[in-house]
Structures are given as C-alpha cells and as structure tokens.
Amino acid sequence: MAPAGPSRGSGDGPWSLRGKVALVFRSCSEGGTRIASELHRRGANVVCTGSDREAIETVAKGVRRFSKPGMWVKAMVVDPTSLRSIRTFAELFKKQHPLLHVFVCCAADKPVEATEFQAMLEAGWGSRAQGMDPVLLSN
C-alpha cells in the first residue's frame, strides 16, 4: 500500500526524486525512454545516453515534456561497445555532475511496461524486471 500524500509521480511526496541526478544508460530503447520519462516526472534531473546523437536528442526532447521550472534533461553520446567512449563519457559526466543518485542500465531489448517500472520504484529498487537492474547509488 502506498503512503498517504501527494499523488505518486507528481514530483512531490514520498516517491519524489526532486533534485536528484539520474543517469539512464542506453535511453534510446523503448524501456529506457519510459524509465527516463518516469524518473523526470518524479522530479529527477535526467541524463539520457545513446550512441546516436540525433536519436538521443530526440529522446531527451520527449522526456523534457515533464519538466518543471529548475529541472533539466541532458543528452550525452556514449558508445557502449567502446571502452574508450565509456571512459571519456565517465570523465565528462564526473566533471559536470559531482553526485549521481540513480543509475539505470537499459541493456534489455524487451520493453518495460510503465506499471513494472512503477512497481520497481515503489519496491525500493530491490527488484529486477526483464533484464534491467536499476541501482540506487546514494540518497
């Protein structure tokens, strides 16, 4: 049963991620786009990644529709098959964002239903859904 308070997903209340930084690795997948959108809807500032600049910019633009004043969404290019690209991305990310609160790696090709992701959030990130391992890194 959900705690009382503002509706879940409003960016307020017990399920809020307001002001947190979330990195959604491989955001261009259908599941990654849904997860990035849900994190942003709940108040997180989101960094979307993908290997195709145009595709990841399109994803970030779609996620921004949930923005409220003071919130942001970034698109960053990284090739997950290149260790050099990953290292370059990691160094740039660390310079721009000293804190990372949520990391989601979307390695699965299967789409994740919104209800599954909501259940994962409400379970405190302790579950695994269709090959995805969301990890809460800090509070």
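Which residues of the largest nonpolar core touch the most other members? Select Val24, Leu39, Val46 and Cys48, out of 18 residues in that core. A nonpolar core is a set of buried Ala, Val, Leu, Ile, Met, Phe, Trp, Tyr and Cys residues joined through side-chain atoms within 4.5 Å. Buried means under 20% relative accessible area, exposed over 50%, partly exposed in between (1.4 Å probe, protein chains only).

This is a predicted model: local features need pLDDT of at least 70, side-chain atom pairs count only at pLDDT 80 or more, and totals for chains, interfaces and linings use all residues. Residues are numbered from 1 along each chain as its sequence is written, and side-chain values use heavy atoms, without hydrogens and water.

Strand 1, helix 1, strand 2, helix 2, strand 3 and strand 4 (102–105) each supply at least two of its residues. Helix 2 gives the most, four. Helices (H or I, at least four residues) and strands (E, at least two) are DSSP runs, numbered from the N terminus. A second, separate core has eight residues, including Leu23, Val47, Met76 and Phe89.

Next, select residues 45–50, strand 2, and 73–77, strand 3. They pair in the parallel sense over five bridges; pairing takes at least two DSSP bridges. Cys48 stands opposite Ala75.

Now click Asn45, in strand 2. Asn45 is buried because its relative accessibility is 7%. Its contacts (heavy atoms within 4.5 Å) beyond four places in sequence include His40 and Trp72.

Finish at Arg26, in the loop between strand 1 (21–25) and helix 1 (30–41). Its phi is positive, near 70°. Most residues other than glycine have a negative phi.
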